Amino acid sequence: MRGTTFALILLLGLIACSNGAAPDAGLTSGVRGTVTVGPQCPVVRAESPCPDTPFDGKVRAVQGQDDVVAEVQVDVDGGYRIPLEPGTYVVMAVVPGDGGLPTATPKTVVVRTGAFTQADLSVDTGIR
């Protein structure tokens with residue numbers, strides 16, 4: 001009975017942690033980068049800089065038409081790393097909303113065997 005209970009708990013834990021879009025951390029290839037949000041001020045001046053800020057959200061990797069392969073949370077500095085099989089992907093910051101602001105421009109990347117492709121992304125706040 002004790003072994004069955006342990007196996008059931010382990011199985012439930014694995015199911016709870018799986019969302020169908022988790023990257024394979026054992027891969028030696030993929031995409032990585034930083035996501036920033038800006039502009040932050042309507043007018044940027046040399047004496048009053050207004051740098052972009054790190055994005056707080058997720059980055060998604062899509063292959064083909066709409067096949068979401070992976071989705072990861074960015075770190076506190078806006079950095080992300082997605083282990084992926086070699087191939088061509090579209091990566092994008094996941095922004096809330098209905099097509100209004102903010103907007104994120106997807107980027108097409110080619111992942112090669114044994115390497116992580118650098119793909120920095122930006123989210124446009126629409127502030128001008």
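Alanine 61 sits across from alanine 70, a residue of β4. The strand β3 (residues 58-63) is joined to β4 by six bridges, and the two run antiparallel. A word on terms: strands here are DSSP runs of E with at least two residues, while helices are runs of H or I with at least four, both numbered from the N terminus. Two strands are said to pair when DSSP finds at least two bridges between them.

Before going on, please keep in mind that this is a predicted model, where local features need pLDDT of at least 70, side-chain atom pairs count only at pLDDT 80 or more, and totals for chains, interfaces and linings use all residues. Residues are numbered from 1 along each chain as its sequence is written, and side-chain values use heavy atoms, with hydrogens and water left out.

Now step back to the whole sheet. It is open and made of four strands in the order β4-β3-β6-β8, with antiparallel pairing. Because β4 (67-73) and β8 (107-111) are at the edges and have a single partner strand each, one side of each lacks a neighbour in the sheet.

Finally, the cysteines. The count comes to one disulfide (a pair of cysteine sulfur atoms within 2.5 Å). Cysteine 41 and cysteine 50 form it, with their sulfur atoms 1.8 Å apart. The torsion about their S-S bond is about 75°, so the disulfide is right-handed. Cysteine 41 is partly exposed, at 24% relative accessible area, whereas cysteine 50 counts as buried at 12%. Here buried means under 20% relative accessible area, exposed over 50%, and partly exposed in between, using a 1.4 Å probe and protein chains only.
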